[in-house]
Amino acid sequence: MMQNVHLAPETDEDDLYSGYNDYNPTYDTEELENDTAFQQAVRTSHGRRPPITAKIPSTAVTRPVATGYGDGVTRPMTAVRAAGFTKAALRGSAFDPLGQSRGPAPPLEAKNEDSPEEKIRQLEKKVNELVEESCIANSCGDLKLALEKAKDAGRKERVLVRQREQVTTPENINLDLTYSVLFNLASQYSANEMYAEALNTYQVIVKNKMFSNAGRLKVNMGNIYLKQRNYSKAIKFYRMALDQIPSVHKEMRIKIMQNIGVTFIKTGQYSDAINSFEHIMSMAPNLKAGFNLILSYFAVGDRDKMKKAFQKLIAVPLEIDEDDKYISPSDDPHTNLVIEAIKNDHLRQMERERKAMAEKYIMTAAKLIAPVIETSFAVGYDWCVEVVKASQYVELANDLEINKAITYLRQKDFNQAVETLKMFEKKDSRVKSAAATNLSFLYYLENEFAQASSYADLAVNSDRYNPSALTNKGNTIFANGDYEKAAEFYKEALRNDSSCTEALYNIGLTYKKLNRLDEALDCFLKLHAILRNSAQVLYQIANIYELMEDPNQAIEWLMQLISVVPTDSRALSKLGELYDSEGDKSQAFQYYYESYRYFPSNIEVIEWLGAYYIDTQFCEKAIQYFERASLIQPTQVKWQLMVASCFRRSGNYQKALDTYKDIHRKFPENVECLRFLVRLCTDIGLKEVQEYATKLKRLEKMKEIREQRIKSGRDSSGGSRSRREGSAGSDSGQICSASSKGERLSAKLRALPGTNEPYESSSNKEIDASYVDPLGPQVERPKTAAKKRIDEDDFADEELGDDLLPE
């Protein structure tokens, strides 16, 4: 068998610095400085590369041939190429392993912007930027811009997919980018309430098998169906999503089951909802599921299960730190600094929010089930209080007791409410302040200001920083008329709690009472910034502008008010009044009419509308308003006189005569009615004219006697009264046909009223013999030949002739 021989390449002996010595395998390095051959090799081989080795023939041996140290046979130095030894380097050059002697590196090759790969990269970058911009716009509340960015990202992503398919294989398509673009687009559709488009986009994702875990998006589809009130499909998609989520994702499965339970409640399937929430409370109890479970049992009316569900809700762990953690156990400044830093950090705020939410759920549940779990709501509240006292929410028991008192107030049982609240007078300061505040408010509503002030003082002394207590104290002082002192309490309440809207509103009223209108306006404008749609605040601002004699601003704020409460008749009539004062009768009529339409019992509005139709010469339309006024105030004769005058002015004399006769039957001593009856009967030619004329003359005589009695001042003595009655009888004998009529006239004289207002049958008002038409002067109209026009101005201030009276 032939052996392969390794032939050494031809080399220059100067290229070698050493060789292997077969006879001396160990190499001594101590005398290298004195070794002339070694030093010569170092000087001559520095920076040089050995010559290229010839091709190895097939007969070469695999084992290298050892060379002697000085036999002239050398081997290649390929092992030092990486250190910078190159054949091209000049002999005697300096050591340069980094190749700095070769000069600066050539500039980088410029990118080819027109290459397909570069275009794809730039387009992919732009799609990612659009998705991010869409998400940011959504978080900022600009939903329309977010949707536009999402649509733009979807269009560019489809262009990107087509370009990738042309350049590379379909396997290189970025599925993650496609998924994120479609998911963001569906989310933006849903945020903009474009539910059909959102469902279509989700379907595209769910049906694509290349997207892993896309089945979870069926939860989002179920949420959309829930918003559309398509509860059957919502439950279907929730269950499909629940089937595709493995059991290791316990929290996700619990949330989906909670959605299923809520949907069952909305459909009225309370038994199925109970099963869902019971499963949640057994696996991973939480506040929302416990509260919904109580609601479900309340809907089916199961008292025992309501109690058990309430106990489960109480037992839900909050998983928050106790308040003792934030109390420093020592005087170490570093520890105190750390505690002060974490006392109000984001984690602590989250703990407070969770605790507040738990207390809200428990309070609501207790108020819901207390009236039904026992024979009375008081016993039910007592049971809830006992359960709460035995739990981690000990402080909540006092709040439940106060809420029990408030429930008594709602049931109009004030004595029980007061007794319940008085039980807290010996409790700790916080509870005592809350109870005293409610007692003060209760006594204030009953106008017992002394008691209200006493309990307000107790509330303030128990908790000086209680804004409600300070506000109630200010209210009691306000009721006593000390507005300056009341304002000080309102200011202190605002210093303790700048969001106390009651104090801010009351201080505005106080400044208004003090005629400090600018300060009052400033308070109500600040309150308007907090309560944008408060009708009371809007009305106060409009009223202040009216007091400041700025009707334009008052009208503007009243317009805002009726946009909030469009059926407020008081605001509408005030608008009509302002427009009337500005001379705009048409606008005034519009708002007065709207006010009358919503509240047809306002006498001022009715009177204005009737007068408006009289001014515009539409007496027929004014009749319905004066008739309604007569229904509202049946003892006021002026409304019925106005109705009769409207008939007379419109030319319906027969109807006017009938109306006057009806008025005379109701008010037989009304002079104005008799005057018109006499004139109408005279013009028409009726026989009753003498009867009405006699009555009118009698009333006029009675009026004269009444005036004489007032002037003489003899009303106080009984004997003078007898003489006066005899004189009245002798005078009346000239009018009456029988002596008995004189006695009746004397009785009527004693019953005559003493005021100058129109006569009312049920009141003691003086008869006014001089009649002025309530409708005002009439515009002259042409008279017809068939019926003479009756003008009240012809006889309004005239005495009837003696020829109309009987002898």
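## Surface and overall make-up

The model is a predicted one, where local features need pLDDT of at least 70, side-chain atom pairs count only at pLDDT 80 or more, and totals for chains, interfaces and linings use all residues. Numbering runs from 1 along each chain as its sequence is written, and side-chain values use heavy atoms, with hydrogens and water left out.

On the secondary-structure side, there are 34 helices and zero strands; these are DSSP runs numbered from the N terminus (helices: H or I, at least four residues; strands: E, at least two). Of the 807 residues, 39% are buried, where buried means under 20% relative accessible area, exposed over 50% and partly exposed in between (1.4 Å probe, protein chains only). Among contacts with a separation of 6 or more, 55% link residues 24 or more positions apart; a contact means heavy atoms within 4.5 Å.

## The largest pocket

The largest pocket holds about 610 Å³ of space. A pocket is an open set of points on a 1 Å grid over the protein atoms alone, where a 1.4 Å probe fits, with protein on both sides within 12 Å along at least five of seven lines; lining residues have an atom within 4 Å of a point. Points are joined across faces, edges and corners, and the volume is the space filled by probe spheres set on them.

There are 16 lining residues, and Glu 251, Pro 285, Asn 286, Leu 287 and Arg 354 are the closest to the centre. H8 (250–267), H10 (287–300) and H13 (346–373) each give the lining at least two residues, with H8 providing the largest share, five. By class, the lining has eight nonpolar, two polar and six charged residues (nonpolar: Ala, Val, Leu, Ile, Met, Phe, Trp, Tyr, Cys and Pro; charged: Asp, Glu, Lys and Arg; polar: the others, Gly among them).

## The second largest pocket

Next comes a pocket of about 510 Å³. Its lining runs to 25 residues, with Phe 441, Leu 442, Leu 445, Asn 472 and Asn 475 the closest to the centre. At least two lining residues come from each of H15 (396–410), H16 (414–422), H17 (429–445), H19 (467–479) and H21 (501–513).

H14 (377–389) has 13 residues, and its end C-alpha atoms sit 18 Å apart, in agreement with the 18 Å it should span at 1.5 Å a residue; the expected span is 1.5 Å times one less than the number of residues. Its buried residues include Phe 377, Tyr 381, Trp 383 and Cys 384, and H11 (303–314), H13 and H15 are among what covers them.

H27 (603–615) also has 13 residues and reaches 18 Å from first C-alpha to last, close to the expected 18 Å. Ile 603, Trp 608, Leu 609 and Tyr 612 are among its buried residues. Their cover includes H25 (569–581), H26 (585–598), H28 (619–632) and H29 (637–649).

## Positive phi in two loops

Most residues other than glycine have a negative phi. Arg 229 has phi near 60° and lies in the loop between H6 (218–227) and H7 (231–244). Its relative accessibility is 66%, so Arg 229 counts as exposed.

Asn 515 has a positive phi too, about 65°, and is found in the loop between H21 and H22 (517–530). Asn 515 counts as exposed because its relative accessibility is 60%.
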